[in-house]
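Dear colleague,

Please find below the structure I am handing over to you. My notes on the sheet and the cavity follow it.

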Amino acid sequence: MRNIKRIIITALGIAFILCMLDVEYVPDTSAKNIIRLHVIANSNSSSDQAQKLTVRDAVLNEYSHILSQAESKAQAERLIEENLEAIKNTASVAAGEKINVSAQYVNTYIPQRTYADITYPAGYYDALRIVIGEGEGENWWCVMFPPMCLDDNTDSNEENNIFTRPKIKIRLKIVEFIKRIFKI
């Protein structure tokens, strides 16, 4: 009879602990594992801003399938560098022949951005930077590797299959509750 009580109490204790666990999917947002796409418009005129989006769409349509084959950042970098001239040509055609377009693989500062429910901190990121004309207009950026070019209105469910090696964060809800109460 005592063994049955111990088993029941142990089972209830384990069930209680499991109920208090909070498991959260945490994508890797560190700059060392990410390549950004950064498209800079010629100016802030409505036509130049539309042109920027046309260039963005052309580059993503043409090259996102190539980058999705990369299994590491190093592979993605190599693919970008091997295709840099072709990427520039795609962007130039999309922008129109009357304007200069440059494409570079650079390490550049990008401010904090949130896509759906994932926030990327401000910092220096490796990026495929496409500059249209004078490059004095508003810019557009996204995460190109791992392939996640989303705009701010994208449904957050689309991220579920993006990261191949997700990090899992496990917390005890009771600890979070105590921290909240005592403002620790």
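Strand 2 (residues 35-40) and strand 6 (residues 123-132) pair in the parallel sense over six bridges; strands are DSSP runs of E with at least two residues, helices runs of H or I with at least four, both numbered from the N terminus, and two strands pair if DSSP finds at least two bridges between them. Within this pair, isoleucine 40 stands opposite valine 131 in strand 6.

This is a predicted model, in which local features need pLDDT of at least 70, side-chain atom pairs count only at pLDDT 80 or more, and totals for chains, interfaces and linings use all residues. Residues are numbered from 1 along each chain as its sequence is written, and side-chain values use heavy atoms, without hydrogens and water.

The two strands belong to an open sheet of four strands, with the order 3-6-2-7 and mixed pairing. Strand 3 (101-110) and strand 7 (139-145) are its edge strands, each pairing on one side only.

The structure also holds one cavity of 30 Å³ or more; on a 1 Å grid over the protein atoms alone, a cavity is a set of points where a 1.4 Å probe fits but cannot get out, and lining residues have an atom within 4 Å of a point. Grid points are joined across faces, edges and corners, and a volume is the space filled by probe spheres set on the points. The largest cavity has a volume of about 40 Å³. Its lining consists of Tyr63, Ile66, Leu67, Leu79, Ile80, Asn83, Ile87 and Met144. Helix 2 gives the most to this lining, with three residues.

With kind regards

Notes:
1 Å grid on protein atoms, 1.4 Å probe; cavity = no way out; pocket = protein on both sides within 12 Å on 5 of 7 lines; lining within 4 Å.
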